[in-house]
Amino acid sequence: LEILQSFYGSVESTMLNLFMAITGGRDWVVLCDPLMEISIVLVGIFAAYIAFSLLAMLNVVTGVFVESVLKSQATDRDLFMVSNARELFLSL
């Protein structure tokens with residue numbers, strides 16, 4: 001019960017421990033063991049939080065990457081069109 005109180009005794013310590021769980025600062029097993037003594041449902045909620053947080057983070061990283069590639073591709077396409085237009089007018 002002391003371990004549970006130290007991990008989840010206040011809102012601040014709970015938020016800090018949940019942040020450390022998704023960033024690798026604290027091992028999941030250490031944080032799940034006190035929850036398992038109370039209810040397996042709490043462990044499921046904890047696992048769902050971890051899964052949701054990691055998938056959301058992965059989605060943001062993927063979105064930033066795709067957006068930068070699309071901007072780069074649009075710039076390349078514009079340069080290609082200008083170059084082709086220049087060649088067309090020079091050939092006339």
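Modeller: Let's start with serine 13, which lies in helix α2 (residues 11-23); helices here are DSSP runs of H or I, at least four residues, numbered from the N terminus. Mind that this is a predicted model, where local features need pLDDT of at least 70 and side-chain atom pairs count only at pLDDT 80 or more, while totals for chains, interfaces and linings use all residues. Residues are numbered from 1 along each chain as its sequence is written, and side-chain values use heavy atoms, with hydrogens and water left out.

Biologist: Why is serine 13 called buried?

Modeller: Buried means under 20% relative accessible area, exposed over 50%, and partly exposed in between (1.4 Å probe, protein chains only). Serine 13 has 18% relative accessibility, so it counts as buried.

Biologist: And what makes isoleucine 38 exposed?

Modeller: Isoleucine 38, in helix α3, has a relative accessible area of 52%, so it falls on the exposed side.

Biologist: Back to serine 13: which residues is it in contact with, leaving aside neighbours within four places in sequence?

Modeller: Those are Ser6, Phe7 and Tyr8, where contact means heavy atoms within 4.5 Å. Phenylalanine 7 and tyrosine 8 are both buried too.

Biologist: Why is the pair of phenylalanine 7 and tyrosine 8 called edge-to-face?

Modeller: A search of the whole structure finds one aromatic pair. Rings of Phe, Tyr and Trp (its six-membered ring) pair if their centres lie within 6.5 Å; planes under 30 degrees apart are stacked, over 60 edge-to-face, and the rest tilted. Here the centres are 6.2 Å apart and the planes at 80 degrees, so the pair is edge-to-face.

How values were computed
Helices (H or I, at least four residues) and strands (E, at least two) are DSSP runs, numbered from the N terminus.
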